[in-house]
Amino acid sequence: MRVMPSMDAPLSPSAPPGADHRWYPVGTHITVRGLTKRFDGVTVYENFDLDIAKGRITSVFGPNGCGKSTLINMISGILPFDGGQILFEGKEAHETRIGYVFQNYREAVFPWMRAIDNIRYPLQFLDLTKAERQALLDRVVDSFDVSFDLNRYPYQMSGGQQQLVSIMRALVVEPEVLFLDEPFSALDYEMVMFLRGILQKVLKEREVTTLLVSHDLDEAVLLADEVLLLTKRPTRVAERLVFDAPRPRSVDTTITPGFVQTKTRALEVFQREVRA
């Protein structure tokens with residue numbers, strides 16, 4: 001399927017002549033064109049277009065059932081779609097190094113493996129020497145400044161510790177793109193605050209392009225550089241809100257004028273779409 005980007009967007013100078021599927025707007029990491037998805041005859045997405053900037057954290061927020069998780073699952077390659085094209089700087093998903101953190105950490109971690117082996121697991125699929133794999137493992141552990149014993153098994157750890165292991169496993173391969181599907185929804189508030197803080201620090205240090213799905217509007221605004229607000233089905237982009245508060249962001253950020261203004265606008269758009 002031949003898909004060209006919008007004519008008002010500059011094209012990547014690296015695109016080889018004749019390779020239209022390799023062209024993408026400059027500065028864009030993820031390019032979605034003409035995306036279509038139906039479940040049992042019900043249209044969720046139809047001719048859906050989206051550009052996600054490189055190195056930024058984008059949160060996805062919208063009414064229940066609008067297809068937030070469906071969107072990131074299609075982009076990440078987990079879920080097939082009925083039409084359209086999704087590219088990562090002109091590459092297909094299978095050519096891109098991707099990390100994914102699921103909501104249910106209990107099903108995501110391997111219970112028969114120690115935490116350190118869970119984190120190490122994806123490295124076996126990379127064409128690296130033993131020393132290179134160990135260096136990546138050491139880097140991710142050092143980045144998160146882990147304070148608990150990684151030689152323990154998942155059943156010996158708290159839920160928050162298990163989810164931290166899942167996050168480190170997703171990042172150990174140094175992904176180009178990271179997907180987070182409500183990663184904190186099953187955790188207590190103290191652990192949520194800790195993980196929000198450490199994760200945004202690591203993501204900005206590494207400049208990983210990140211898509212976060214959240215049902216928590218405060219979280220969606222707090223963590224993101226941009227909030228992507230969706231409509232009801234068939235899903236479109238209702239509005240995109242930039243939030244450029246300095247990092248690190250904390251609870252104190254949520255009482256700043258910029259945060260309140262961005263959240264208020266997001267809530268207005270959300271309520272409008274729910275009533276539509």
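This is a predicted model: local features need pLDDT of at least 70, side-chain atom pairs count only at pLDDT 80 or more; totals for chains, interfaces and linings use all residues.

Modeller: Residues are numbered from 1 along each chain as its sequence is written, and side-chain values use heavy atoms, with hydrogens and water left out.

Biologist: Why is α4 called oblique to α6?

Modeller: The axes of helix α4 (residues 130-144) and helix α6 (residues 189-206) come within 9 Å and cross at roughly 130°. Therefore α4 is oblique to α6. Angles under 35 degrees count as roughly parallel, over 145 as roughly antiparallel, 65 to 115 as roughly perpendicular and the rest as oblique. Axes are lines fitted to C-alpha atoms, for helices over the stretch in contact, and angles run from 0 to 180 degrees between N-to-C directions. Helices are DSSP runs (H or I, at least four residues), as are strands (E, at least two), numbered from the N terminus.

Biologist: Which residues of α4 and α6 meet?

Modeller: Arg139, Val140, Ser143 and Phe144 of α4 meet Ile198, Leu199, Lys201, Val202 and Arg206 of α6, where contact means heavy atoms within 4.5 Å. Five of the residues in this contact are nonpolar, one is polar and three are charged. Ala, Val, Leu, Ile, Met, Phe, Trp, Tyr, Cys and Pro count as nonpolar, Asp, Glu, Lys and Arg as charged, and the others, Gly among them, as polar.

Biologist: What makes Leu199 buried or exposed?

Modeller: Leu199 has a relative accessible area of 3% and is therefore buried (under 20% relative accessible area; exposed means over 50%, partly exposed in between, with a 1.4 Å probe and protein chains only). Leu199 touches Phe144, Ile167, Leu171, Leu180 and Phe184, not counting residues up to four places away in sequence.

Biologist: How do you know that α1 is largely enclosed by the rest of the structure?

Modeller: Eight of the nine residues of helix α1 (residues 68-76) are buried, so α1 is largely enclosed. Among them are Lys68, Leu71 and Met74. Just after α1, Gly77 takes a positive phi of about 95°.

Biologist: Which residues of α8 are buried, and what puts them on the same side?

Modeller: The buried residues of α8 are Phe259, Thr262, Ala266, Val269 and Glu273. They cover an arc of only 105° around the axis, so they lie on the same side of α8; the arc is that of the directions from the helix axis to the C-beta atoms. On the other side of α8, Pro257, Gln261 and Arg275 are exposed.
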